[in-house]
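This report sets out selected features of the structure shown below. Please read it alongside the sequence and the coordinates.

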Amino acid sequence: MRYMMKKLFIFVFIFLGLNVVNGCPFFLSKYFVNIHSSIRNDNVTLRCQSKDDDLGSHVLSPNNDYEWSFCQSFSRATLFFCHFWWNNNEQIFDVFNSTMGEWCREGRPEGDICRWLVREDGFYFYEPIEYGRWLKQYYWKPVSKTSLTYG
Ligand SMILES: *[C@@H]1O[C@H](CO)[C@@H](O)[C@H](O)[C@H]1NC(C)=O
Ligand SMILES: *[C@@H]1O[C@H](CO)[C@@H](O)[C@H](O)[C@H]1NC(C)=O
């Protein structure tokens with residue numbers, strides 16, 4: 001019975017054109033966005049969104065990761081941006097777009113990972129191929145009066 005269910009499951013996936021390993025349709029790639037905070041003794045609040053998805057606000061505690069995944073095609077360009085708040089500072093930027101997807105060519109059997117690191121001095125993106133290290137991309141800036149609330 002179990003065996004039959006497994007066969008049926010795989011059949012349904014193939015029928016729908018879904019990749020058995022990562023659940024994406026065969027013509028789409030899977031990506032993970034991973035955001036790690038190494039800010040000591042303090043939480044970072046963040047809210048990440050795409051055109052279609054609002055992942056909601058999330059509290060990221062020290063030395064923890066926030067991660068999500070999605071299926072992305074080369075034609076239908078997915079873009080995710082996040083708004084970050086920490087200690088009266090904030091920042092907002094794109095954490096994934098199609099160009100960055102090309103820079104995240106490493107990861108897991110299911111898909112590639114785009115990595116971000118949040119530190120007291122700013123935001124770093126991991127470039128695995130050309131540099132093989134964290135590259136600083138943005139600074140924190142003081143919270144503006146118009147965005148005191150999360151969201
Ligand atoms: C960080 O968040 C966790 C879980 O939401 C909470 O228990 C903890 O008190 C927070 N720490 C600080 C420094 O705000
Ligand atoms: C994606 O973001 C990077 C870094 O901000 C930028 O250089 C690039 O032009 C963007 N690509 C697209 C397709 O928007």
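## Ligand site

In this predicted model, an oxygen atom of ligand 1 lies 2.3 Å from an N or O atom in the side chain of Asn43; a polar contact is a pair of N or O atoms within 3.5 Å, where within protein one must be able to donate a hydrogen and the other to accept it, and residues adjacent in sequence count only if both atoms are side-chain atoms. On its own, ligand 1 has 360 Å² of accessible area, of which the protein covers 30% (Shrake-Rupley method with a 1.4 Å probe; for residues, only the protein chains shown count as cover).

The surroundings of ligand 1 consist of Asn41, Asn43 and Val59 (a residue is near a molecule or strand if one of its heavy atoms lies within 4 Å of it).

## Basis of the model

Residues are numbered from 1 along each chain as its sequence is written, while chains are lettered from A and ligands numbered from 1 in the order in which they are written. The model is predicted, with local features needing pLDDT of at least 70, side-chain atom pairs counting only at pLDDT 80 or more, and totals for chains, interfaces and linings using all residues; side-chain values use heavy atoms, with hydrogens and water left out.

## Open sheet

An open sheet is formed by five strands in the order β3-β2-β5-β6-β11, with antiparallel pairing. Its edge strands, each pairing on one side only, are β3 (54-60) and β11 (141-142). Strands are DSSP runs (E, at least two residues), numbered from the N terminus, and two of them pair if DSSP finds at least two bridges between them.

Strand β6 (residues 89-96) pairs with β11 in the antiparallel sense over two bridges. Asn89 is placed opposite Pro142 in β11.

## Salt bridges

There are six salt bridges in the structure (a side-chain nitrogen of Lys or Arg within 4 Å of a carboxyl oxygen of Asp or Glu). One of them joins the side chains of Arg47 and Asp54 at 2.3 Å, N to O. Asp54 is partly exposed, at a relative accessible area of 41% (buried means under 20%, exposed over 50%, partly exposed in between; 1.4 Å probe, protein chains only). Glu106 and Arg115 form another, with their closest N and O atoms 3.3 Å apart.

Asp121 and Lys136 also meet through their side chains in a salt bridge (3.8 Å, N to O). This pair links distant parts of the chain, 15 residues apart: Asp121 is in the loop between β8 (111-119) and β9 (122-127), and Lys136 is in strand β10 (residues 133-138). A network of salt bridges links Arg119, Asp121 and Lys136.

Key. Helices (H or I, at least four residues) and strands (E, at least two) are DSSP runs, numbered from the N terminus.
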